Amino acid sequence: MRKIIISIVVVLLATFFYAYGKIDYDGIMNRWSGASLAELKADGNACLERGAIDSALVLYTMVTSRYDPDMDRDEQKLCAQAFNNAAYVYTFHLGNYSDAYVNLLKALHIAEDIGLDDILPCIYLNIGNVYTIYYDNDTAIKYYKKAFYSGIEAKDWEILLTTFTNLIGTAVQEGYINDVKNEVYTFKRTRIPQMPMLAYSRSMGAAAEAILEGRGNEAVAYARKAVTQVDTNMKPERFRLFTEMLVAVIYENMQRYDEALAAALDVERKAMKETADIQEQARFLISELYAKTGEADSSLYWRKRQMQLRDSLFRNQQYNRIRDLNVTYEMQNADAKLQRSESKRRTVMVALAITTVATVVILALALAVIRRNRRLDRRNHDLYRRNSEIMLMNEAERKMRAEYGRRIAECEREIERLSVKDAPQAERRPQADGMDDAAKQSLLEKISTVMDDVGEISKNEFSVDRLSKLVGSNSHYVSQVINETYGKNFSSVLGEARVRQACKRLGDTAAYGNLTIEAIAGELGFKSRSNFVTVFKKVTGLTPSEYKKISKENISRQADK
């Protein structure tokens, strides 16, 4: 409670001095209040070109804040362009992809609503880029295709070249090259005037065509040629590394793993801070290649390095999201000689009044939150204890079930032997479902053994068909035994098995304390953090964060005893 009161006092004083020092903001904004949308957007573009990122974003926001669906077409177009430009700043300078996506959707709505076909290709391209950042490459390819065809229609050759390169790169890396076959041949037939990056894009198209036609060596040669044809001033090294990664992927698809590994290691070594995302992709590919060549230790080593880098990238994104936007020195000092005294007094009084009311509200809310958190904490500890007991019971039950199953099977075999001996004329009939109890018990034991194999169930491709193959049965019988035994379908049983392994890792800080929740989810085969959290809470009643926190508290208490 003392910390809360101190925090409120700090907020009170900070608000006072913030209001006192920000009096001139209205004066600064007045400089631009009379400017037209075109002037604001042009000044925003100028700020962006000279590196004044914050000023550019402020100016673009001033344009977008004036958007009105009833304004004329030209003004709506300026707003759509400002939304798109703001999204570019959020994506490539601030790493704030959620705000970037919101701005892109607004730009897309305006452009599609009034038919701004000339700016649609750029918007589609930027949306695709955001989806690749979140590893949703299926959706990214859909938007890249929209950008591709609308770029041809609008004759926006610069956007077309960038889109085609991104489309080919994403398709090759994800193994979707057949899905972009039409775009490869359409690009080959399209007449494009001579311009920077045209030769590079043509070589990339030739590499894609060679892959489609099964000419792997030629695909590698064209990709290596493209590396030498990068002729842009906008992050050329990124294009080169991106293309060299494709060479490694092509070698992998040809099952030439040694050459693929050499290429991927070269990319990983060359990648710098500015291309950390490509370095993360290279480490992932290196881990996969070592796994395919049977070098498990090396595969695990590179997978850990990839996870660590991925965690670092996500932390940087979160940091950029909470960055404060500062108005540049030029705008802060534009009207420094304005009369401040009366304005300052009014602002301070208003700020104090608002802060006083806010303080009372915050205190009341703080007390309510404290009581609520205490109740939640007790509930969460009860759930944690219950889950720990359930895990121990499940383990004991699994061992007991296996032992009973063995004994029952022996008894049934003995009964069957005696029955045949005493009544040779009796014919043994199978059950209606095609499996007798002994067969079901044997199959259940095999299923339980596989579901306890964390290395197997953590694979993304693990399915009921894979399980059936491992236990030597078919998916119908496997699903039948699972449903009858657990009263659940295969997906639910798999989710619970993965969650049990996640609980062990979240509670083992000595072995897994350096991994984030995202990393643990990825290692156990969950598609995303949100999917992991949903399944984990459904099984345990707690979120992974809550479970991890309580586990640490219990370990600390035991260490103190």
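Colleague: What share of the 561 residues in the chain do buried residues make up?

Modeller: Buried means under 20% relative accessible area, exposed over 50%, and partly exposed in between (1.4 Å probe, protein chains only). Here, buried residues make up 40% of the chain. This is a predicted model, where local features need pLDDT of at least 70, side-chain atom pairs count only at pLDDT 80 or more, and totals for chains, interfaces and linings use all residues. Residues are numbered from 1 along each chain as its sequence is written, and side-chain values use heavy atoms, with hydrogens and water left out.

Colleague: How many helices and strands are in the chain?

Modeller: Helices (H or I, at least four residues) and strands (E, at least two) are DSSP runs, numbered from the N terminus. The chain has 27 helices and zero strands.

Colleague: Which residues touch the most other members of the largest nonpolar core?

Modeller: In soluble globular proteins, nonpolar side chains tend to be buried together. A nonpolar core is a set of buried Ala, Val, Leu, Ile, Met, Phe, Trp, Tyr and Cys residues joined through side-chain atoms within 4.5 Å. The largest one has 94 residues, and Ile123, Ile168 and Val180 touch the most other members. Helix H5 (residues 73-94) gives this core its largest share, 10 residues. A second, separate core has 19 residues, including Leu383 and Cys503.

Colleague: Is Val357 buried or exposed?

Modeller: Val357 counts as exposed because its relative accessibility is 53%. Val357 lies in helix H18 (residues 341-422).
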